[in-house]
Amino acid sequence: MLKDRHLIESNDFSLKEQEEIFDLADKIIAKQDAYLDVCKGMLLASLFYEPSTRTRFSFEAAMLRLGGQVVGFSEPGSTSVSKGESLADTIRTIGCYADIAVMRHPKEGAPRLASKQSTIPVINAGDGGHQHPTQTLTDLLTIRSMKKTIGNQVIGVCGDLKFGRTAHSLVKALSKYDNIKFIFISPPELTIPDYILEDLDEDDYSLTNNLDDVIKDLDILYMTRIQKERFFNEEEYLRLKGYYILTKDKLDTAKEDMIIMHPLPRVDEISPSVDDDKRAVYFAQMKFGMYVRMALIVKLLGKENL
Ligand code: NCD
């Protein structure tokens with residue numbers, strides 16, 4: 001039962017609960033009209049303390065497409081946050097007006113803290129370099145739809161694995177599925193944190209900095225952006241920024257049915273020339289993001305059986 005729960009980290013829900021969300025997302029995709037009024041009279045608070053395009057728009061579009069409404073901010077400076085109000089007091093306030101809250105925050109752990117004071121479900125829409133569980137739901141629904149199963153894959157996770165919260169959440173979630181082999185591809189300075197590796201069996205992963213060497217082995221290539229905003233040193237960012245650039249010719253040795261994913265936004269790491277390759281699914285992935293968030297909202301508000 002997902003009603004009134006929070007979603008802060010990608011493994012907060014059981015595999016069964018997760019599959020129920022994906023099943024509902026599939027139903028919504030097949031018959032969107034049936035869900036037009038499901039959240040009528042309900043209000044989503046959209047609290048974005050950090051920039052966002054896809055996550056915020058897809059959550060807001062999701063609520064509006066379910067017949068609900070949205071309040072919120074994309075610039076915390078326009079709220080009492082600028083007067084020094086604490087996160088705890090902000091979430092207490094929001095709970096008086098809205099039925100569910102989505103929060104993105106630059107501080108790791110902020111949505112968890114907010115959830116402890118909250119009278120309504122809180123969804124983490126990305127907390128610093130930590131986790132991004134609804135991107136993971138998006139990614140898993142994309143894999144399930146494109147590959148027909150989530151288990152039994154070799155996945156290359158490539159780019160900024162140190163600060164990339166989408167990679168952290170995805171690896172944690174995928175480690176619960178059967179027969180997933182990870183190849184972590186990153187510059188030595190941006191390797192995946194130990195707290196993520198600790199959960200994995202040593203036989204289930206390898207580390208490299210060379211994408212060209214391993215691309216032929218992959219069923220899924222998950223590219224990520226070097227996370228400029230998490231660097232303390234601009235020079236270091238500029239040095240690492242172009243480390244991986246996926247071009248059409250690099251795909252020559254890749255499997256015909258490999259899929260290329262990216263949470264977006266991309267900077268240099270996937271050349272636009274790759275966009276029309278049939279293996280590139282990152283634009284389809286964005287759309288799955290809206291449907292899976294529709295399903296998540298319906299579940300957390302307990303509106304499924306209307
Ligand atoms: C990601 C994020 O915010 O972590 N974007 C997203 O939500 N789709 C990835 C990124 O910013 O690189």
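Predicted model: local features only at pLDDT ≥ 70, side-chain atom pairs only at ≥ 80, totals over all residues.

Sorted by class, the lining of the largest pocket has ten polar, six charged and four nonpolar residues.

So what takes up the space of the largest pocket? The ligand does. Around the ligand you'll find Thr55, Arg104, His132, Gln135, Arg165, Thr166, Arg225, Gln227, Pro263, Leu264 and Pro265. That shell splits into five polar, three charged and three nonpolar residues.

For His132 the distance is 2.7 Å, for Arg225 it is 2.8 Å, and a polar side-chain atom of Arg104 lies 3.0 Å from a ligand oxygen. How much of the ligand does the protein bury? Taken alone, the ligand exposes 310 Å², and the protein buries 94% of that.

Now for the second largest pocket. Here 13 residues form the lining, with Phe73, Thr79, Thr90, Thr93 and Ile94 nearest the centre. Strand E1 (43-48), strand E2 (69-73) and helix H3 (87-97) are the elements that each give two or more residues to this lining. H3 has the largest share, with four residues. By class, the lining of the second largest pocket has seven nonpolar, five polar and one charged residue.

There are also two cavities of 30 Å³ or more. The largest cavity is lined by Leu7, Ser10, Phe13, Gln18, Pro133, Thr136, Leu137 and Leu140. Helix H5 (residues 133-147) supplies four of these, the largest share. Five of the lining residues of the largest cavity are nonpolar, three are polar and none is charged.

The second largest cavity has Cys158, Gly159, Met223, Thr224, Ile226, Lys241, Tyr244 and Glu269 along its lining. Four of them are nonpolar, two polar and two charged.

Here are the volumes side by side:

| Space | Volume |
|---|---|
| Second largest pocket | about 190 Å³ |
| Largest cavity | about 40 Å³ |
| Second largest cavity | about 30 Å³ |

Technical notes: Residues numbered from 1 in each chain as written. Heavy atoms only, no water. Near = heavy atom within 4 Å. Polar contact = N/O pair within 3.5 Å; in protein donor to acceptor, adjacent residues only side chain to side chain. Areas by Shrake-Rupley, 256 points an atom, 1.4 Å probe, with all protein chains shown as cover. 1 Å grid on protein atoms, 1.4 Å probe; cavity = no way out; pocket = protein on both sides within 12 Å on 5 of 7 lines; lining within 4 Å. Sits in = over half its atoms within 2 Å of the grid points. Nonpolar A, V, L, I, M, F, W, Y, C, P; charged D, E, K, R; others polar. Points joined across faces, edges and corners; volume = space filled by probe spheres on them.
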